[in-house]
Amino acid sequence: MSDINMTPLIDVMLVLLIIFMITAPMMTSRLKLDLPRAEAQAPPPVPPAVITIALTADGRTHLDDLAVDAAALEAQVQAQAKSKPDTEVQLRADRVVPYERVAQLIGVLQKAGLTRIAFVTEASEASGAPAAPAGQP
């Protein structure tokens, strides 16, 4: 007979697999410590500052719902970046705003030192969210 019987080899491998499955969790180091208790509570985490910038279809820029021009926006963004560099910027741009305008605004934000930029969108109709009827904002 010139072929090898694989059945005993497979049986041995399955037994070894079961042994390793049982012993592997026991080999991890688990320290049982009785930690001391303290009365001090951790302060609640401070949420990062958030500013909202909106680019409307008519070409205006709004900072937190107030219309601003480019110079005022840049000054306020630089002041915010100096006081709180981890400020998150939520960018809302109308669908018809050219990409170039959005890219320029991102450049102004990054130049000022704000790098946390979030793009705000609406859920699409396919995701199950009800959509506004046509003609209504």
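# Close-up views of a predicted model

View 1. Glutamate 88 and arginine 116 form a salt bridge in which the closest N and O atoms are 3.4 Å apart. Because glutamate 88 belongs to strand S4 (residues 88-93) and arginine 116 to strand S5 (residues 116-119), the pair ties together parts that are 28 residues apart in sequence. The model shown here and in the other views is predicted. Glutamate 88 is buried, with a relative accessible area of 17%, whereas arginine 116 is partly exposed, with a relative accessible area of 37%. Side chains of opposite charge can pair when their charged atoms come close.

**View 2. The salt bridge of aspartate 58 and arginine 60.** In this view the side chain of aspartate 58 meets that of arginine 60 in a salt bridge, with a distance of 2.9 Å from N to O. Aspartate 58 counts as partly exposed at 49% relative accessibility, and arginine 60 is likewise partly exposed, its relative accessible area being 47%. The count for the model comes to 2 salt bridges.

**View 3. The largest nonpolar core.** This core has 17 residues, and those that touch the most other members are Ile53, Leu73, Val77, Leu105, Leu109 and Leu114. Two or more residues come from each of strand S1 (50-55), helix H2 (70-83), S4 and helix H3 (99-112), and the largest share, 5 residues, is given by H3. In soluble globular proteins, nonpolar side chains tend to be buried together. Within the protein as a whole, 18% of the 137 residues count as buried.

**View 4. The surroundings of leucine 73.** When its neighbours within four places in sequence are left aside, leucine 73 is in contact with Ile53, Thr61, Leu63, Val68 and Leu105. Leu73 and two of these partners, Ile53 and Leu105, are also among the core residues that touch the most other members.

**View 5. The crossing of helices H2 and H3.** The axes of H2 and H3 come within 8 Å and cross at roughly 40 degrees, and the crossing is right-handed. On the H2 side the contact is made by Leu73, Glu74, Val77, Gln78 and Ala81, which meet Leu105, Val108, Leu109, Lys111 and Ala112 in H3. Sorted by class, the residues in this contact are 7 nonpolar, 1 polar and 2 charged.

**View 6. Two aspartates with positive phi in a loop.** Aspartate 64 lies in the loop between strand S2 (61-63) and strand S3 (66-68), and aspartate 65 is found in the loop between S2 and S3 as well. Although it is not a glycine, aspartate 64 has a positive phi of about 50 degrees, and aspartate 65, also not a glycine, has a positive phi of about 70 degrees. Most residues other than glycine have a negative phi. Aspartate 64 is partly exposed, with a relative accessible area of 38%, while aspartate 65 counts as exposed at 74% relative accessibility.

**View 7. The protein in which these details sit.** The protein contains 3 helices and 5 strands, which follow the pattern α-β-β-β-α-β-α-β when read along the sequence. Among the contacts in the protein with a separation of 6 or more, 67% are accounted for by residues 24 or more positions apart.

Conventions: Residues numbered from 1 in each chain as written. Predicted model: local features only at pLDDT ≥ 70, side-chain atom pairs only at ≥ 80, totals over all residues. Heavy atoms only, no water. Salt bridge = Lys/Arg side-chain N within 4 Å of Asp/Glu carboxyl O. Buried < 20%, exposed > 50% of the residue type's maximum accessible area, 1.4 Å probe, protein only. Helix = DSSP H or I, 4+ residues; strand = E, 2+ residues; numbered from the N terminus. Core = buried A, V, L, I, M, F, W, Y, C linked by side-chain atoms within 4.5 Å. Contact = heavy atoms within 4.5 Å. Axes fitted to C-alpha atoms, helices over the stretch in contact; angles between N-to-C directions. Left-handed = near helix turned anticlockwise from the far one by under 90°. Nonpolar A, V, L, I, M, F, W, Y, C, P; charged D, E, K, R; others polar.
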